[in-house]
Amino acid sequence: MSSQKNKKQLKQSIKDTNIIKKLFILTVIVLALSIFIIKESQPLTASLDENDSNNQSQSNENQGNQMQSNQTSQGNNSQQSQDQDLTPPEVVITSPSQTIYNTTIINLSFNVVEDSSFECYYSVNQEQHSIQNCEQENQLFLTLSEGCYNLTVLAIDEYNNSGSQTVQFCIDVTPPVVEQAFPSGVLTTSNVEIEVHTNENAYCKLSSQDLSFNQMQQLFSITGTMIHKQLLNLEQGHYVYYVKCKDVAGNAMDDSIVIEFDVNLAPTASIDIKEAKLRDDIYLLKKSTYKIELVTSEPVNQPTLYYMFNDDTAKKQISLIGSETHWVGYLIVQDVGEKIGSIYFTAKDYSGVETRDKVVALFMIDTNPPGKVLGVKYNVTNDYVVIQWQQPSDCDGCYYNVYRSTSPNVLKTDFYKQVCEPKILEFAKDLASYSSVYYYKISALDKAGNEGLLSDEIAIHVGLDNNSNNDLVNGLSPELKLEINNTVKKLDALQLDIDWALKNLESIHDETLRKAMTTLGLLASTRDAKNKIIELARQAQDLYNVKLDSNFKPEDVKQGLKNILKKAEAYKKQVCINVDVTSSLEFKQKLSQPEMSLVAIEFAKRYGFDQEVKEQFLKNISLLMQDIDVYVEAFVVKVKYLDNREEEKLLVFKNIQSSKVLEDVIVVETIPKAIATHASDVNFLQSPKVLKDDPMVYWRENSLLNKELSYVSLNTDIESLHYAKTVVVPNPELFLNHESFEGLNNPVSASSATGFSIRMIPKHVSVKNLVFGLGIVLILGLLIYYLRISSSSPGLSSSSASPSVLMNNNFSMRSMQSSSVQPSVMAGMAGQELSLILKRLREAHVLANKFHVYGLQGFNQVKSIYNDCVSKVMQLRYKISKYFGKFLDKHVDKQFLELEYLLNMLYAKILILEKLARAHDFVDGKNLAGLSFIIPEILNELDIVEDVEFQKSVLQALDYFKQVLFVNDTQSLHNGLHGWGL
């Protein structure tokens, strides 16, 4: 009963409010019209008084019938000038516009601004036609053939004043024709340029499959004119490409042009010199015999391999045996001192394409061993032993072999470890585990691997001199001690390899390589691996101190050692030993209108733009990009790791430069599928948000003047970067709030702040009327204020949060009463109110998403109402603009009332959604008291919404709540919800 009573009170309140409101509106309109009549009559009275005074003065100065005749004539002329309209009609052609159409049926739409009666004519290329029953709004359809036209619309009023407007447009319904296409036959280069010539300006696409134009992904990098080019980097093989083009009118080719050719590249080769050291891509050779393996890119006839020293012109051939792509030879290095040389390759493939004298490797021969290590000394303490020696004078960057034995006369068969500095540290307890006396010899090795003479032998006594030998022996079995010692040796050797890798990386000074290493974090990862290996070595050493109690198991120590080595292998994978740039690319981005349109379409989908808003959004993007330059630098990097893995990565660096500071914009990056098939395949140095998984990502920038953008991909098709586009767009949310579906001439337009831009004021409005109209706007402002205050509704009031408050404070409650609504609202006011409605509509959309209750069908109905409101706003926008400064007709005013009714229903439903969301929280928290308080409110407000389907979905949600809350308590369920009417 209370809900029925509330419903009646709501309807009566709305009815009373509408009566008061109509009386108030009628009073304001009468007042405005009175002021207007008074203002317009004053200049007319003054003019008549002035004429009477002039006539009297003229009569006093001139005597006779002639003067009287002149006076009569002058009076007649004055009367005629008052009666005759000298203002010509204004013709505004809204369609067609100055563009190219791909249809022969043209919609001619135009408006005529004229108070008196008039006639209309139109001419197409000077062929004139009369328009029957011409009105202020006119639309007719013309059937024309292909070609360009001058279309003129002429209006002549009853006073013979004429006004006209002319537009020029073209009709093109024929797709472009490809007149020439290249290349064909057999090509011997990897850089292949696809070139297509069309008979008209067009956009062309390329695909390896025969698809429709819209399905093809690859747009020519040079297109938009009659010549279209695309550079491809291809491997050897047979290629078939399909090309389709679309002209600027939108006519696309039905049949593809097929471009077919073969790429037969000259054979390439790589060599591997077994047992030789490789530093900075240069093989270091000493006096020895080396096996050389040659691998060619394709089967070849007998290849030729020879080497030549830089200071010599004599070619020294290396004999090869093998077949097709694998060949083997031997290089004998004599004692020649120090020399630098190159290895050359010459071969022909089976089709006769030849590679001649191609350098495949560089090498350096060094057969001079370093000098003998001198000055070996040591120091023994309770904890460790330090052994040091002098570096030979001719051994810059040498390594050192350490030989150790527990018996005198150390030989090279007693190799212990290799170190990179003239110093080693031994833990005393490790040495004391096996023997109290150790014998050492040291030798130096240069970069080529030449080893110098062994140093003099030294003997080190451990534990005997300091009486601590017994404390150093922990009781582990010799087998376990040996296994721990071997593990430590392996970790020491691995640390030595990492030290060598770090030295190699730190010696790189090439700017591009250093930029690549910084971007990929190669130095940091290698240093991190070194620290982790040092920690693993410490853990292995700690196993000497394992407690020999009842819980001790030798298997645990062995498993611990296995785990340490397993971790070491994992850390080994992050150690970089070499970096090389295999290809690079630099260019300035070229951006076409279709590419900007693709970005605009994605934002239009996300934010629900209609066609008009999407077009205006695209115009804003075009204006922004006029002030922006994007410079692209990219290179493919080959990274070699310590575990012999090789990876190629594409590094992309973009510099976005704006000629002026841009506030609150979105930077969008579109990446072609040749580089990444999904946004997750790309490693961005600055994490973006994903607009589309295709991928298309974006960053929001509060202020943009200069921005660096970079990312890394494992796909290394560097030429595809020409299709990776960076587009700067206005913030769509601010764009919607700033624009009431109006066009912009600038990214931020001062004229559009009120919701209707100044360009919508008719040209014939005089300054006097405009100033006076401002006075009326002030009165209408009071009216709007009144409508806001008087729009509160008892059925929609609530003590809860924002939706009800927003509705009551921002919408006038014009209730729907009858179909014969009297015109009462001026279009100027309607434009302001429509702008307010748009703002509230967007807020309603945000709230509806905020209070979305999962599984509630009512939410989908709210979305449907929102879409219906948007549609009605777009219909009203154009009609209101035509009535600027005038009263709306019945139909427009009725549409306005329907729109406001829908908005109030929208907010009423959002309020219920909000309370349902709170009820959902009470159910999750098992809060019976809170649920008992809020459900009667929902039921009371639900009675106001005259929507059976919505009510049903809400009741279903409440039924779900009670089932969850009282699943194990049937009696409480019955008692607790009986009072709710469920």
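Colleague: Which residues of α8 do A529, K532, I533, L536, Q539 and A540 in α7 meet?

Modeller: This is a predicted model, where local features need pLDDT of at least 70, side-chain atom pairs count only at pLDDT 80 or more, and totals for chains, interfaces and linings use all residues. Residues are numbered from 1 along each chain as its sequence is written, and side-chain values use heavy atoms, leaving out hydrogens and water. Contact means heavy atoms within 4.5 Å. On that basis, the α7 residues meet L561, I564, K567, A568 and Y571.

Colleague: At what angle do the axes of α7 and α8 cross?

Modeller: Helices here are DSSP runs (H or I, at least four residues; strands are E, at least two), numbered from the N terminus. Axes are lines fitted to C-alpha atoms, for helices over the stretch in contact, with angles from 0 to 180 degrees between N-to-C directions. The axes of α7 (residues 522-542) and α8 (residues 554-572) come within 10 Å and cross at roughly 170°.

Colleague: Is the link of C204 and C245 left-handed or right-handed?

Modeller: A disulfide is a pair of cysteine sulfur atoms within 2.5 Å, and C204 and C245 are joined at 2.0 Å, S to S. C204 sits in strand β12 (residues 202-207) and C245 in strand β15 (residues 237-247), so the bond ties together parts 41 residues apart in sequence. With 105° about the S-S bond, the link is right-handed.

Colleague: Is C148 buried or exposed?

Modeller: Buried means under 20% relative accessible area, exposed over 50%, and partly exposed in between (1.4 Å probe, protein chains only). C148 has 53%, so C148 is exposed.
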